[in-house]
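Look at the structure below before going on to the notes.

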Amino acid sequence: MPKRLERASLGIPEHPFGQDGRGLPYGELGEITGAILANRSAILGELALGFVRKRFGHLLEQEFCACPQCDKQLRSRARHPRKLETLIGSFPLERPYFYCTACEHGFYPLDEALGLASSAKQYDIQALEAWLGSEMPFETASEAYQRCTGNPMSTHHLHDCANRIGESLGVLDVCPTKVEVEARIARLALGKHRRPVMMMGIDGAHAPLAPNHPLARPNGAKGTTRRSKASESI
Ligand SMILES: [Zn+2]
């Protein structure tokens, strides 16, 4: 059987990592693991949905629910579908929707029970995005994410996610504490005649800049791919 046909009959794609030249030759085992990685999202997504069905089946089929604000008994209006993307895989979720006319409050009990993010990409993805985006340039972070998970991730999404999570953090939140700084200074000063000088560098963080500074841009300006990371040196 021709190799190409053999692969097709086994469901192994010719380019498990896509046709962008990254389908590396890792031998037969590499082809099998590459094929699994390429289909991992669908396989594990189905598995995750199975766990949701088993544990929260009553909320998937829920017909009546009390309004969380006024306790009025409500009947499900419809079942609305949405797509969930998680670190292990993606799957569709169709769940009942409830609406209280007295409170004008609409809600999905299953979404609340599962602790879902409002966006398709769930918190486990967002946490990894934030970490990758703060540790390396967004272009590298995007490639690292795709290589490790088998799923694409745009630099634009990484940038927005890292910024959104870091929005509430100030420079002092990501700096070492006073105790940690003093311990570091004491360690470096040990056996030295002169006291060390501490300097803090802010690497691409969105710290306030003077309005006429060449790096200052209006809020929400596109095109910046600077890292949001504070680092210090002594
Ligand atoms: Zn109500």
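The model is predicted: local features need pLDDT of at least 70, side-chain atom pairs count only at pLDDT 80 or more, and totals for chains, interfaces and linings use all residues. Residues are numbered from 1 along each chain as its sequence is written.

**Whole chain**

- The protein chain has eight helices and seven strands; helices (H or I, at least four residues) and strands (E, at least two) are DSSP runs, numbered from the N terminus.
- Of its 234 residues, 12% count as buried. A residue is buried if 20 or more other C-beta atoms lie within 10 Å of its own, exposed if 12 or fewer, and partly exposed in between, with C-beta atoms placed from the backbone.
- Among contacts (C-beta atoms, placed from the backbone, within 7 Å) between residues at least 6 apart in sequence, 56% join residues at least 24 apart.

**Largest nonpolar core**

- A nonpolar core is a set of buried Ala, Val, Leu, Ile, Met, Phe, Trp, Tyr and Cys residues joined through C-beta atoms within 7 Å.
- The largest one has ten residues, among them Ile-125, Leu-132, Tyr-145 and Met-153.
- At least two residues of this core come from each of H4 (123-135), H5 (138-149) and H6 (155-166).
- Leaving out residues up to four places away in sequence, Ile-125 touches Glu-85, Thr-86 and Leu-87.

**Helices H5 and H6**

- The axes of H5 and H6 come within 9 Å and cross at roughly 110°. Axes are lines fitted to C-alpha atoms, for helices over the stretch in contact, and angles run from 0 to 180 degrees between N-to-C directions.
- H5 is therefore roughly perpendicular to H6, a term for angles of 65 to 115 degrees.
- Phe-138, Glu-139, Ala-141 and Ser-142 of H5 meet Thr-155, Leu-158 and His-159 of H6.
- The buried residues of H6 are Leu-158, His-159, Cys-161 and Ala-162, and what covers them includes H4 and H5.

**Phe-91**

- Phe-91 lies in strand S4 (residues 90-100).
- Phe-91 counts as partly exposed because it has 19 C-beta neighbours inside 10 Å.
- Ala-42 is 49 residues from Phe-91 along the chain, and their C-alpha atoms are separated by 7.1 Å.
- Not counting residues up to four places away in sequence, Phe-91 touches Gly-45, Glu-46, Ala-48, Leu-49 and Leu-84.

How values were computed:
Contact = placed C-beta atoms within 7 Å. Parallel < 35°, antiparallel > 145°, perpendicular 65-115°, else oblique.
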